[in-house]
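Take a slow look at the model below. Then follow the paragraphs one by one, with the picture beside you.

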Amino acid sequence: MKKIYLFIILTSTLINYSFAQSFNTLWIPDTLSGTTFNLALRDTFKQLLTGQQTITAGVNGNFWGPTLIFHKGDTVHMNIHSYLNDSTTVHWHGMHLPAVMDGGPHQVIPPGTVWQPYWKVTNNAATYWYHPHLHMMTEEQITKGLGGLIIVRDDIESALALPRTYGVDDIPLVLTDRDINTSNQFTIVPYGDSMIVNGTLRPQYSVPAQIIRFRILDAAIERSYNIGFSDNRNFSVICSDGGLLDAPVSVNRYLLHAGERIEILVDCNGQSGTSVDLKAYNSSLSGFIAGGENFPNGPFANALGHADFNILHLNITAQTGAPITTIPTTLNTNVLLNVADANITRLLTISDSTGVTNPPILGPNAFILNHKLFDLNQIEYEVPLNNTEIWQITSSSVFGHPFHIHDVEFNIISVNGAAPAAAQAGWKDVVFIPGKTGNTPSVVKFIAKFEDYSDSLHPFMFHCHISLHEDEGMMGQFVVKDFSSTSENNLSSGSFDFTLFPNPATNKLFIALNDPTTKVYYIKICDAIGRTIYMLPQPKIQNGIDISHLISGNYFLQLTDEKSKQTIVKKFVVE
Ligand code: C2O
Ligand code: CU
Ligand code: CU
């Protein structure tokens, strides 16, 4: 074992060295905009290196996926076609939406299925992302390349003089790393030897000599990146996970953890003809931060561990017409949540599994939330709809963990008693929970408000965003429940029925509800042998269901009623 890992480290170091000057042009994902988005998930191949192609998976392509551009206030409709060989899910990381549309581990998309979630975009302008979230498969499916960015635009952001020309002065950077074996295939490991940006190895890109905006996502399985520039220049952080900061924050390093996003502005005025490298200064990280460890061998050994390495080589070229040449001094007036409005402090724990006997299956490397492993059938918290809550996470783990919660954007209150750094004082959906200091656990508090969407059946997740830890069970779930509504409480009142017409049908199938006040919660269409073909959360049934893509035969429609959450199955025929 040791010899093999050493060999891999040595060869990859040699490869990195001998090709150090041969850059590839950074790939910029296409954009999709509007209100209807068609995404096709496929197992495929990518020519990453010379020789054998790499087995990958992609969305509308062969690695990663298109950048979706949303406008706040629009209702967006997704047509997700999965042509994958395995089940998957598509989670809208950072989006505030109904739990049944969230794409967490419960919204499984079987192979060959169409999933059609939709929601009204209420998030602030910022950079979000989508990625698979199938329990125990997230690391593998992200490694293969599934995922994509989301850019939300809104009136506040649009009114600012910020770089906004995608791929020119507004550049997405999806940071990750991969371990590539001698047959050019990805291995499923937490850390890779090769830095990859937007699916590109050793990337370079030309940017004009003006203010450049980078939207940076840490999409790694595990690694944090301590971002900085090779000439040690400062850059301005303008946006955190869930929205613009009040004002740009000038820094020369920013430590980005798995799942997190920042938008930064870099001043390249007057620098035409020069070049600079965006780097990860990970040699300064402690061994208890992902990427700061220095394992000489074993499954965590990798060429980038506890090292400084290049992320992107930038060649600065002539200015564009109408360039942005100044960094605004103010951006936004955030109204943050008020601690006085919280009526509960939920106490969560993070711990190392060592010494935990129940359940006894935990290995020495598993990290756990609230002293237990994830259980798909266990709801940890029932959060009352519209509640403002403080979540306090106490970690006795030696290692740092990026904690993520679905449904909401939150404000960090404190990290070990200290107020958050200025660049983290806005809206966040991932917060880094540092490892304990000596024997003193670390304590992080944030505040969030759980508005708009209640559903006592479908939970939202909270978890460590290191996919390895998440897959190993470092995850929990909560529901947002409307305790005041009779429809949420009164589960026994439902007795509903419906008929399907026309039957046989050709292009459209209509549903006649016996009780017109019935609200349709979920419709699933299965074929004669029980394979799921369509998954339609909360469909608008007045217009009928488009079945023009179904081949002739017998089908089953399962309708779940919102009030009782009862499901009735009816057969129909497609001619
Ligand atoms: Cu980006 Cu539950 O994850
Ligand atoms: Cu998420
Ligand atoms: Cu973790």
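Predicted model: local features only at pLDDT ≥ 70, side-chain atom pairs only at ≥ 80, totals over all residues.

Residues are numbered from 1 along each chain as its sequence is written, chains are lettered from A and ligands numbered from 1 in the order in which they are written, and side-chain values use heavy atoms, with hydrogens and water left out.

Start at the copper ion (ligand 3). Which residues coordinate the copper ion (ligand 3)? They are H401 through ND1, C464 through SG and H469 through ND1, at 2.0 to 2.1 Å. A donor here is an N, O or S atom within 2.8 Å of the metal (3.2 Å for Na, K and Ca); water is not among the atoms, so sites may look incomplete. Along the sequence, the donor residues are spaced H-x62-C-x4-H. C464 and H469 are both buried. Buried means under 20% relative accessible area, exposed means over 50%, and partly exposed lies in between (1.4 Å probe, protein chains only).

Now move to a sheet. Five strands form an open sheet in the order β2-β5-β11-β10-β7, with mixed pairing. Strands (E, at least two residues) are DSSP runs, numbered from the N terminus. Two of them pair if DSSP finds at least two bridges between them. β2 (31-33) and β7 (91-93) stand at the edges with a single partner strand each, so one side of each has no neighbour in the sheet. Look also at β10 (residues 126-131) and β11 (residues 148-153), which pair in the antiparallel sense over five bridges. T127 stands opposite I151 in β11.

Next come the rings. The structure holds 26 aromatic pairs. Rings of Phe, Tyr and Trp (its six-membered ring) pair if their centres lie within 6.5 Å; planes under 30 degrees apart count as stacked, over 60 as edge-to-face and the rest as tilted. W92 and W119 form a tilted pair, 5.0 Å centre to centre, with 45° between the planes. This pair links W92 in strand β7 with W119 in strand β9 (residues 118-120), 27 residues apart. Both W92 and W119 are buried.

Y381 and F462 form a stacked pair, 5.8 Å centre to centre, with 25° between the planes. Y381 is in strand β27 (residues 381-384) and F462 in strand β33 (residues 460-464), 81 residues apart. Y381 is buried, with a relative accessible area of 12%; F462 is buried too, at 1%.

Key. Helix = DSSP H or I, 4+ residues; strand = E, 2+ residues; numbered from the N terminus.
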